[in-house]
Amino acid sequence: MKALFAAAVSLLSLTAAAPAQEAYTFKYPSWMWEEGGVGPWNKDRVAAFEAANPNIKVEATLIPNTSYEQTITTQIAGGDVPDFMPAYTNMIAPMVDAGVLAPLDDCIAGSSFKDRILPSVSFAVIDGKTYGLPVTMSPQSLIYNKKLLDEAGVGIPTTVEEFVAAAKAVKEKTGQWGYVFPNDSNTLFTYIVSMQWIIGMGSDWSKPDGTITANDPRNVEAVTLIKSFLDDQISPKGLDANSVRTMFAEGKAAFMVDGPWVINQVANTNPDLLPEVGFEVMPTPTHAAVTGGAFYVVPEASPHKEDACKLLEVILDPTAQQHYLEDLLQIPGTKVEPSAEFLKTHAWVGKMAEIAAKYPGGIGYAPPGYAIQAPEFRQIAADNLARIYAGEVSVQQGLDDAQKALEDWSKSL
């Protein structure tokens, strides 16, 4: 089997001497096809793959990041199965549990990248089998616009109190938003924002043994903080993730908590702002940087698994991965050393790597003890957060309601 996959992933096997392959369409959905610099990078990888495999036409289907998980899950359940796709970290355990994903161990064993894969691949190892390879494992931490901070006469915050004061000062003195974050009806992003502050306070929505901790006093403190930004009009209401990222890239906000892809968006859409943008440790007690990332996966029902292995070789090529780091400003899925020249002009990437090493938190956006049932858990949490942010209930009441709902739901599992 290893020899078979070694042949499948070796670019040498793609010579004219190989048997002619019948032409077909290779289905590859993603949320990244039109995403800043990531889109062109992925399209270049597809072009290289198609050039090496002239009988394969990649069908690159764009699915918005805000609906990706639900759309993919629905399509696969309906029999529309991709040949290859990225999956958010939180999607791995439920999809493996449902028998949707194929193990990639034989593909990895015969690959050229097997010794370069990031240790975070362990998140996709279930019952001794590897079901995904990292796309990126970049941390979500504090991103700031130093120009607005200087105009407001404040520095980079190191505590929650300093963060609140700085965000208020920016709004009052510059008229721009102090802090932007997604707070529309999207369940995943609503939950992620809560994680950023709840984990930062030293808590979580649950414990590894399954104990529900929705109304822990530290959760109340964190959600009260989030709500205060909306109530005090320091943050805009009702915007989705793409909108707030664009707002920051346009220089209309001082802070956001997100991944380095935002800085890449700045580099591509507003390069004059790039020298003013930095990436810092979270100003919370734990400094935890929520780490979601994504994995490349191959559905079990795909008839083209060997070609998926060939595509992985193209994507995880060392030169391509170096470009992923230095052009897209994100940590790629394999080990890459940034050049000294690159670090001279992108010192913040060193800070990102430091944060990723020291303060990883909330990997996979999964509630501890509920990785498989994460979507249902997050929905209950997000529904109650929406009631809180809308002012329908107090923070304490909303989280008490979430506590009871989650406990009742967990008893039914």
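Reader: Is Cys309 buried or exposed?

Author: Cys309 is buried, with a relative accessible area of 2%. One thing to keep in mind is that this is a predicted model.

Reader: Okay! Which residue does Cys309 form a disulfide with?

Author: Cys309 forms a disulfide with Cys107, and their sulfur atoms are 2.3 Å apart. Cys107 lies in helix 5 (residues 105-109) and Cys309 in helix 12 (residues 305-315), so the pair ties together parts that are 202 residues apart in sequence.

Reader: And why does Cys107 count as buried?

Author: Cys107 has 2% relative accessibility, and buried means under 20%.

Reader: How many disulfides does the structure hold?

Author: It holds one disulfide.

Reader: Switching to salt bridges: how many turn up in the whole structure?

Author: A search finds 17 salt bridges. One of them joins the side chains of Lys227 and Asp231, at 2.6 Å from N to O.

Reader: How many residues apart are Lys227 and Asp231?

Author: They are four residues apart in helix 9 (residues 217-231), so about one helical turn separates them. Lys227 is buried at 15% relative accessibility, while Asp231 is partly exposed at 40%.

Reader: Nice. What about Asp258, what does its side chain meet?

Author: The side chain of Asp258 meets that of Arg245 in a salt bridge, 2.8 Å from N to O. This pair links distant parts of the chain, with Asp258 in strand 9 (residues 253-258) and Arg245 in helix 10 (residues 241-249), 13 residues apart. Asp258 and Arg245 are both buried.

Reader: New topic! Why is strand 1 described as largely enclosed?

Author: Strand 1 (residues 24-30) has seven residues and five of them are buried, so the rest of the structure largely encloses it.

Reader: In which sense do strand 1 and strand 2 pair?

Author: Strand 1 pairs with strand 2 (residues 56-62) in the parallel sense, over seven bridges. Between the two strands the chain passes through helix 2 (residues 38-52), and this β-α-β crossover is right-handed. Tyr24 stands opposite Ile56 in strand 2.

Reader: Last one: where does Asn384 lie?

Author: Asn384 is in helix 16 (residues 374-389). Asn384 is buried, with a relative accessible area of 8%. Leaving aside residues up to four places away in sequence, Asn384 touches Gly398, Asp401 and Ala402.

How values were computed. Residues numbered from 1 in each chain as written. Predicted model: local features only at pLDDT ≥ 70, side-chain atom pairs only at ≥ 80, totals over all residues. Heavy atoms only, no water. Disulfide = S-S within 2.5 Å. Buried < 20%, exposed > 50% of the residue type's maximum accessible area, 1.4 Å probe, protein only. Pairing = 2+ DSSP bridges. Right-handed = clockwise from strand over helix to strand, strands pointing away. Contact = heavy atoms within 4.5 Å. Salt bridge = Lys/Arg side-chain N within 4 Å of Asp/Glu carboxyl O.
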